[in-house]
Amino acid sequence: NESAGSAGREKEGGKLTKYEEKALLNKPAHELTIEEQRQLGDIVVGQYQRSIGFVKDPKMQIYLENMVGKLNKQIGYTEHPLKIYILLNNSKNACALVGGNIFVNSGLLKSVVYADEVAAVLGHELAHLKLKHLQKQSQASAELKKDNQVILDALLSPKYSQEMEFEADKIGAEAAVAAGYSPLGRVLYYDRNFVSQWFEYVSKRDKLIDTQLEKAGFKQEKR
């Protein structure tokens, strides 16, 4: 596997021109050839490197590459060599995008307690790649006659259907367990990150309601 920041590979015969890059960025994912997927993946990596930045941590890089290798022995994604990048991003998540590129946010690595949690997240993302969810989502957007920007947004920041998410959960969890990780990994990850977010949301919502009621002349007992 290549280390983080190893973006910018060249196509045969030289780098893509700006026109070629733009054409690729506006082409639906389900219409891309394997070579075009690789080229587009390099463009996306370059954009992330310039706009967000990567974390240079060789030990963590090797650790994640080994983990992904173990998981992929169970999942069997072979379309592209898998490449791991640690994004300088506080979001507690990861994503797998076109060309076999997997982006792990530094916020995720800081928030977890057990390796099983990371394995659950990465297994889930690998399942999206194996099941071609990105391409299926792109095709669905095109069939609904959505414009190129909508299709591009779906490519760079995919929002999968609930069915796709459940499918990736199932296959990712099975792969993580088969690779030797705890089946509680995904439960711990969700509990740590999303249950706390729900309580924070409820607290903010209640405060907003109280403020609106007070402005309307109603006095509320303190909670």
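## Helix α5

At 1.5 Å a residue, the 16 residues of α5 should span 22 Å, and because its end C-alpha atoms are 22 Å apart, the two values agree; the expected span of a helix is 1.5 Å times one less than its number of residues. Helices (H or I, at least four residues) and strands (E, at least two) are DSSP runs, numbered from the N terminus. Of the 16 residues of α5, 14 are buried, so that the helix is mostly covered; here buried means under 20% relative accessible area, exposed over 50%, and partly exposed in between (1.4 Å probe, protein chains only).

This is a predicted model, in which local features need pLDDT of at least 70 and side-chain atom pairs count only at pLDDT 80 or more, while totals for chains, interfaces and linings use all residues. Residues are numbered from 1 along each chain as its sequence is written, and side-chain values use heavy atoms, with hydrogens and water left out.

## The sheet and its helices

Three strands form an open sheet with mixed pairing, in the order β1-β3-β2, where two strands pair if DSSP finds at least two bridges between them. The edge strands, each pairing on one side only, are β1 (83-87) and β2 (94-97). On average, neighbouring strands of this sheet are turned by 20° against each other, direction ignored. Strands β2 and β3 (residues 101-105) run antiparallel and are joined by four bridges, and Ala96 has Ile102 in β3 as its bridge partner.

Helix α3 (residues 58-75) packs on the sheet and touches β1 and β3, its direction making about 135° with that of β1. Helix α5 (residues 115-130) also packs on the sheet, touching β2 and β3, and its direction makes about 20° with that of β2. For these angles, axes are lines fitted to C-alpha atoms, for helices over the stretch in contact, and angles run from 0 to 180 degrees between N-to-C directions; contact means heavy atoms within 4.5 Å.

## Nonpolar cores

In soluble globular proteins, nonpolar side chains tend to be buried together. A nonpolar core is a set of buried Ala, Val, Leu, Ile, Met, Phe, Trp, Tyr and Cys residues joined through side-chain atoms within 4.5 Å. The largest one has 26 residues, of which Leu71, Ile102, Val104, Leu122 and Leu126 touch the most other members. Two or more residues come from each of α3, β1, β2, β3, α5 and α8 (162-178), and α5 gives the most, with six residues.

Leaving aside its neighbours within four places in sequence, Leu122 is in contact with Leu64, Met67, Val68, Leu71, Ala94, Ile102 and Val104. Another core, of 19 residues, lies apart from the largest one and includes Leu40, Tyr85, Leu87 and Met164.

## Salt bridges

A salt bridge is a side-chain nitrogen of Lys or Arg within 4 Å of a carboxyl oxygen of Asp or Glu, and by this rule the count comes to five. Lys132, which follows α5 and has a positive phi near 55°, forms a salt bridge with Glu79, the closest N and O atoms being 2.8 Å apart. Lys132 lies in the loop between α5 and α6 (133-143) and Glu79 in the loop between α3 and β1, so the pair ties together parts that are 53 residues apart in sequence.

Asp169 forms a salt bridge with Arg186, with the closest N and O atoms 2.7 Å apart. Because Asp169 lies in helix α8 and Arg186 in helix α9 (residues 185-215), this pair ties together parts that are 17 residues apart in sequence; both Asp169 and Arg186 are buried.
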